[in-house]
Amino acid sequence: MNTAAAVTLMRLTSLSVIAAFSLLLPANAQVSQLPGTTSQPQPIDPNNPNNLRPVTQSNSVLSIEGGDRLMKDADQAVSAQNYPLAAKKLQEARQVYNQLSNFYQELNSSFSGIDNRVSDSQRQKALLTAQKRDEATYQLALVHRAQNQPELAVPLLIQIVKSQNPTRDLGKKAYQQLLELGFVDAPYPRQGGSSSSSQK
């Protein structure tokens, strides 16, 4: 009986010690995070809804200024004939402008019929960023042409014609590039006549 009592007492003592340690460990962990203690700064999580930094800061990529900065970097790379870097920067600029255009369109439709002033403001920004996206796309197509990669340039040029419409300046320039590449064989606009579809 004494042996059984001793074993039971040891088990209870062991459980008490384990319980005491488990209570102490979280307290020690919290002490290292108290204010005033030295610790490494944590990076800001952009997915955190409590992160209230404005995206119009000069270092933000998701802004018109961020896209413009990428376009400027691409221009410098083209001047230095560093076409791979230029293509990379132009692709990034296209993505930024496209995301911005989509976001502004969503805001425009959200405010449509609720506040026309806000809706119109977002629509104008959507149009501006879509235009910048198409300009970046056109420059990227030219870079692909300079690298003798027509298979990469043609789809981009077709996107521009579709987005801009063949009657607008950038649409005409994109179509002209398709003509020069030999992808299309009918000039537009037609020389010395109307460009209406009634003439065949």
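This is a predicted model: local features need pLDDT of at least 70, side-chain atom pairs count only at pLDDT 80 or more; totals for chains, interfaces and linings use all residues.
Reader: Let's start with α6. Which residues does it cover, and what should it span?

Author: Helix α6 covers residues 169-181, which is 13 residues. At 1.5 Å a residue, α6 should span 18 Å. Its end C-alpha atoms are 19 Å apart, which agrees.

Reader: Which residues of α6 are buried?

Author: Leu170, Gly171, Ala174, Tyr175, Gln177 and Leu178. They cover an arc of only 150 degrees around the axis, so they sit on the same side of α6.

Reader: Why would residues three or four places apart point the same way?

Author: An α-helix has 3.6 residues a turn, so residues three or four places apart point the same way.

Reader: OK. What covers the buried residues of α6?

Author: The cover includes α4 (116-146) and α5 (150-164).

Reader: And what follows α6?

Author: Gly182 does. Its phi is positive, near 85 degrees.

Reader: New topic. How many aromatic pairs are there?

Author: The count comes to 1. Tyr175 and Tyr188 form the pair, and it is edge-to-face. The rings are 6.3 Å centre to centre, with 85 degrees between the planes.

Reader: Where do the two partners sit in the chain?

Author: Tyr175 is in helix α6, and Tyr188 is in the segment after α6.

Reader: Is Tyr175 buried or exposed?

Author: Tyr175 is buried, because its relative accessible area is 16%, and buried means under 20%.

Reader: Then how does Tyr188 count?

Author: Tyr188 counts as partly exposed, because its relative accessibility is 22%.

Notes:
Residues are numbered from 1 along each chain as its sequence is written. Side-chain values use heavy atoms; hydrogens and water are left out. Helices (H or I, at least four residues) and strands (E, at least two) are DSSP runs, numbered from the N terminus. The expected span of a helix is 1.5 Å times one less than its number of residues. Buried means under 20% relative accessible area, exposed over 50%, partly exposed in between (1.4 Å probe, protein chains only). The arc is that of the directions from the helix axis to the C-beta atoms. Contact means heavy atoms within 4.5 Å. Rings of Phe, Tyr and Trp (its six-membered ring) pair if their centres lie within 6.5 Å; planes under 30 degrees apart count as stacked, over 60 as edge-to-face and the rest as tilted.
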